[in-house]
Amino acid sequence: MPPDETRTGGLPASILEFGEQLRDEGVKVGTSELLDAFAAIGEIDWRSQPRFREALAATLAKSQEDRRVFELVFDRFFFRAVELAAREHDLSETSGGAGAIGGDGELSEQEMEQLRIQIAGALSDGAEGAMRDLARLAIAAFARRQEGSGVIGVDVQRIRRALGLRTEPQPELPPEDPRSEGIPRDALRRFEALLRRELERAQAEKTGNLPASRPLGELDRALPSGPLADLAAVHRVVAQLRRRLATQGMQNRGHRRHAQVDVRRTMRASLQTGGVPVELRFRPRRPKRPEIFVLCDVSTSVTSASVFFLSVLHALHDTFRKMRSFVFIERISEVTDIFEDERDFKAVSERISTDAGVADISGYTDYGRVWSEFLEQVEDELHPRATVIVLGDARTNGRDPRADIFARVAAKAGRTFWLNPEPRLYWNYGDSVIAAYEQYCTAFECWTTPQLEEFVRALTRPVQSAGG
Amino acid sequence: MSVGDPQSVEQLAEGLREVGYLPGESTALVAYLATRLGKPVLVEGPAGVGKTELAKALSRMLGRELVRLQCYEGLDEAKALYEWNYRKQLLRIQTEADDAGWQAVQDDIFGEEFLLARPLLRAIASEEPVVLLIDEIDKTDQEFEAMLLEVLSDFQISIPELGRVDARTQPVVLLTSNNSRELTEALKRRCLYLWLDYPEAEHELAIVRLHAPDLSDTVAARLVEIVGMVRELDLKKPPSIAESIDWARALLLLGADEIDGEVFRETMSVIVKHRTDMEVVAERVGLKLGAPADAA
């Protein structure tokens with residue numbers, strides 16, 4: 001909604017309207033936050049734009065992600081307000097002084113060159129305020145020369161190139177040109193960010209929508225896959241999961257009611273207080289930890305997800321009492337040792353792909369054979385407290401799924417989970433036979449971090465609370 | 001509000017600078033709002049960007065005592081709020097003459113004398129205004145967070161046997177979090193939010209210069225530039241400001257007047273703390289520095 005209706009309400013109404021827009025974009029803004037925002041604005045000089053923005057951000061946007069949305073909405077909202085005011089006062093120039101250099105119509109080549117040098121100068125000095133204005137100018141100038149591509153990233157690079165901004169020195173330029181020594185990388189990045197922001201804003205202005213209705217955080221998107229490029233992301237996810245599980249474990253241990261008094265230690269402690277048992281000592285409650293058998297498909301279609309998943313489980317190793325992992329394509333092969341020797345994710349995946357010897361002839365997954373081999377190897381060890389986890393896409397390549405053997409595995413184990421790295425939408429299409437297995441186990445969709453987290457939570461919770 | 005409180009954002013920023021903390025624009029603003037509005041501040045950001053340091057600097061600047069509650073898994077009320085001093089109570093009962101009535105004894109042993117004040121109660125009950133730092137709140141469990149709500153919004157603590165303890169003075173409260181767990185909405189609602197990130201190059205340069213004033217300008221600038229480069233790599237633990245400062249001091253001790261490939265390889269371990277990270281950094285940055293053409 002444009003802020004037309006709120007013109008009469010002045011600043012308070014504008015802020016309320018702004019809060020409303022934030023809510024529409026999924027930021028949780030409550031009445032108390034708005035009250036805080038008003039209180040904060042009362043304390044500062046709100047005529048200074050960065051302060052006004054920071055004060056609102058500190059009270060309204062309470063996470064980094066919210067902050068990103070906040071920035072976009074803030075720009076869109078108050079930019080429009082300015083536009084509107086300008087129109088009311090019948091000003092002809094539309095945005096930030098674009099007419100100052102070129103007047104109307106084409107910029108001459110000389111003026112372009114002047115703009116280039118000006119921008120390069122501002123970048124070398126690292127003057128933030130000037131950079132912002134110049135970014136607007138640059139966009140305005142280039143909008144007149146050529147049509148935007150519609151893709152913001154492309155436009156940013158196009159403008160940067162046209163301005164001749166590079167980090168490496170350009171000795172062919174005259175020495176008084178700041179570009180001749182190369183632009184500081186840092187400043188260039190900031191300038192690009194500003195360009196991007198301004199372009200995004202222009203786009204938001206044109207379409208009336210935010211570029212993405214709900215910008216996703218880096219980790220929300222999908223599990224790291226592809227050629228192991230996202231190593232750092234993997235470690236982040238693992239570290240986070242571990243932390244979260246740790247606190248969650250505490251929740252379950254928090255119930256003191258069932259704690260057992262340790263008589264021996266209580267008596268011993270009572271000696272300190274003259275034989276009066278003032279402090280009760282409890283038996284430490286050891287959470288029942290599940291025994292876990294993991295079966296991972298490592299055929300090419302799901303490799304990265306599997307290895308990632310295995311490494312997550314092994315990172316959580318101390319949460320489980322015992323853990324054995326197998327990888328399979330056509331046959332299965334135990335890889336528990338590899339994880340115990342190797343701490344490095346990359347080394348693990350390399351060793352799995354070279355040592356495991358799981359591909360036999362065709363290189364296509366053969367679930368039937370996998371089940372029977374698995375049952376053969378671990379049949380004696382499966383018991384009602386054991387958990388079997390299968391990670392795979394359940395694509396049999398047309399072979400017999402042998403759900404009957406899988407049913408026997410599931411019957412022997414206490415719990416059986418299936419993690420499918422494909423979105424639920426694709427299940428049971430083509431050669432995916434997950435429906436055949438799903439009746440014997442709990443199947444999880446698992447291709448984003450929150451989903452994985454949910455699974456790990458499900459995996460750790462019931463057993464702990466059932467413990468006595 | 002005591003007399004020493006800053007009256008403007010500039011004054012607060014200046015004050016922080018005087019005690020050796022260089023605040024960014026938003027940091028100063030949010031800290032100022034916190035002192036004015038009496039609201040807790042939730043400070044989030046990567047490890048080592050000065051979250052805890054901010055609290056310390058605020059306490060130095062405002063001339064207030066810093067009460068610190070370090071959170072960890074399993075932290076409970078007894079460690080955070082208060083605890084009854086059982087042993088002392090017991091002694092009291094034993095020394096009491098036998099004919100003292102139950103009521104008298106009870107009134108007696110549940111008095112403030114037998115209360116062991118833990119950080120939160122100390123902060124609330126303090127005669128002088130304090131700065132309360134609740135460090136790494138994300139490491140506690142959600143129940144603890146819920147317990148904090150009363151303290152943070154009303155600055156009071158209810159002790160069943162004693163009644164309510166209200167804050168005599170308004171503490172400045174900072175909560176820090178490494179973002180390893182999502183905090184509850186209820187807690188966030190009561191706080192101002194401040195995201196501290198790695199500073200921009202010039203800001204970081206100023207910080208390094210402040211903490212290692214003897215380091216030559218060129219080395220300091222080079223150092224900040226290299227740290228920036230290292231942060232761009234995909235590392236398990238990117239170097240923080242604390243590590244930049246450590247490195248600056250290390251270079252100072254070694255008397256290095258330039259950071260070349262050699263010096264970098266020798267002192268790299270100050271800023272990079274993982275074996276796998278070291279390999280990546282040595283490969284990417286070390287090579288770049290080792291190149292003879294790179295004299296800038």
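**A helix and the sheets**

Modeller: In helix α11 of chain B, the residues B:A220, B:L223, B:V224, B:I226, B:V227, B:G228 and B:V230 are buried. Helix α11 of chain B covers residues 217–232, and at 1.5 Å a residue its 16 residues should span 22 Å; the C-alpha atoms at its ends lie 23 Å apart, which agrees.

Chain B also contains an open sheet of five strands, in the order β2-β5-β8-β1-β9, with parallel pairing. At its edges stand β2 (65–70) and β9 (192–195) of chain B, each of which pairs on one side only. From one strand to the next, the twist averages 20°. Within this sheet, strand β5 (residues 130–135) and strand β8 (residues 172–177) of chain B are paired in the parallel sense over four bridges. There, B:L133 has B:L174 of β8(B) opposite it. Helix α3 (residues 51–62) of chain B packs on the sheet and touches β1, β2, β5 and β8 of chain B, while its direction makes about 170° with that of β5(B). Helix α2 (residues 25–37) of chain B lies across β1 (41–44), β8 and β9 of chain B, and runs at about 160° to β9(B).

Chain A has an open sheet of six strands, in the order β3-β2-β1-β4-β5-β6, and here the pairing is mixed. The edge positions belong to β3 (332–334) and β6 (442–445) of chain A; each has a single partner strand, so one side of each is left without a neighbour in the sheet. Neighbouring strands of this sheet are turned against each other by 20° on average, direction ignored. Strand β5 (residues 415–420) of chain A runs parallel to β6(A) and is joined to it by four bridges. A:N420 has A:E445 in β6(A) as its bridge partner. Helix α15 (residues 367–378) of chain A lies across β1 (291–297), β2 (322–328) and β3 of chain A, at about 35° to β3(A).

A word on confidence is also needed. Chain A has a mean pLDDT of 72, with 61% of its residues reaching 70 or more. In this chain, confidence is highest in helix α2 (residues 31–43) of chain A, at 90, and lowest in helix α5 (residues 99–102) of chain A, at a mean of 39. Where pLDDT is low, predicted coordinates should not be read in detail.

How values were computed:
Residues numbered from 1 in each chain as written. Chains lettered and ligands numbered in written order. Predicted model: local features only at pLDDT ≥ 70, side-chain atom pairs only at ≥ 80, totals over all residues. Helix = DSSP H or I, 4+ residues; strand = E, 2+ residues; numbered from the N terminus. Expected span 1.5 Å × (residues − 1). Buried ≥ 20, exposed ≤ 12 C-beta atoms within 10 Å, placed from the backbone. Pairing = 2+ DSSP bridges. Axes fitted to C-alpha atoms, helices over the stretch in contact; angles between N-to-C directions. Contact = placed C-beta atoms within 7 Å. pLDDT = per-residue confidence, 0-100.
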